[in-house]
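Try each one yourself before you read the solution.

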Amino acid sequence: MRYAQGGGLTDAGRAARERVRLQAVERFEGGQKNREIAAVLRVSERSVERWRRQWRERGEAGVLSKGSPGRPRLSAAQIARLERELERGPLVHGWADQRWTLARIKTLIGRLFHVSYTVEGTWLLLKRHGWSWQQPARRAIGRDDAAVEVWKKETWPRVRPSRRSATPGSSSRTKPGSR
């Protein structure tokens, strides 16, 4: 196979893929069979069949790259507006507390711009524009670091749930060893 299946191609990768398709078009016009074209271009016959069908239906434009099928992108103006809305806070947008979660930001983007992102896509968008997870600007006034360390060393080991036993269990729901 000449190139990997799937997305994630750069513009240069897409251009290389398009050159292969245009070479196939030249061979279509020369009357070559799909099997011959696939062998010469080192692609699957199925791809050549698909390109030939697109070429018959729409001409050369049918085999040209349509660009990245990736996530919808927000314009610079939309990003600036999103930033302003995030600065206004979650309360203004109807949430009961002051936490911006990825799910909330995803919902906000959908409401403002009618663009759908996944939670992971929202995180990538934020990261790409220099935002990061929230961290308090300062520590709580009443925080006692020594008490926190004592709690971690003494209390947490006692209240932490124990790990499951290393003995083999049973997948049967009726055997007590399976719980």
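Predicted model: local features only at pLDDT ≥ 70, side-chain atom pairs only at ≥ 80, totals over all residues.

Residues are numbered from 1 along each chain as its sequence is written, and side-chain values use heavy atoms, with hydrogens and water left out.

**Exercise 1.** Find the largest nonpolar core and the elements that give two or more residues to it.

*Solution.* A nonpolar core is a set of buried (under 20% relative accessible area, 1.4 Å probe, protein chains only) Ala, Val, Leu, Ile, Met, Phe, Trp, Tyr and Cys residues joined through side-chain atoms within 4.5 Å.
- Step 1: the largest one has 16 residues, and Leu-74, Ile-109 and Phe-113 are among those with the most contacts inside it.
- Step 2: helices H4 (76-88), H5 (102-113) and H6 (119-128) each give two or more residues; H5 supplies the largest share, five.
- Step 3: a second, separate core has 11 residues, including Trp-51.

**Exercise 2.** Decide whether Pro-90 is buried or exposed, then list what it touches.

*Solution.* 
- Step 1: look in the loop between H4 and H5.
- Step 2: Pro-90 counts as buried because its relative accessibility is 1%.
- Step 3: leaving out residues up to four places away in sequence, Pro-90 touches (heavy atoms within 4.5 Å) Trp-95, Asp-97, Gln-98, Arg-99, Trp-100 and Arg-104.
- Step 4: the C-alpha atoms of Pro-90 and Trp-100 are 6.3 Å apart.

**Exercise 3.** Classify Trp-156 by its accessibility.

*Solution.* 
- Step 1: go to helix H7 (residues 145-159), where Trp-156 lies.
- Step 2: Trp-156 is partly exposed, because its relative accessibility is 37%, and partly exposed runs between under 20% (buried) and over 50% (exposed).

Note on methods: Helix = DSSP H or I, 4+ residues; strand = E, 2+ residues; numbered from the N terminus.
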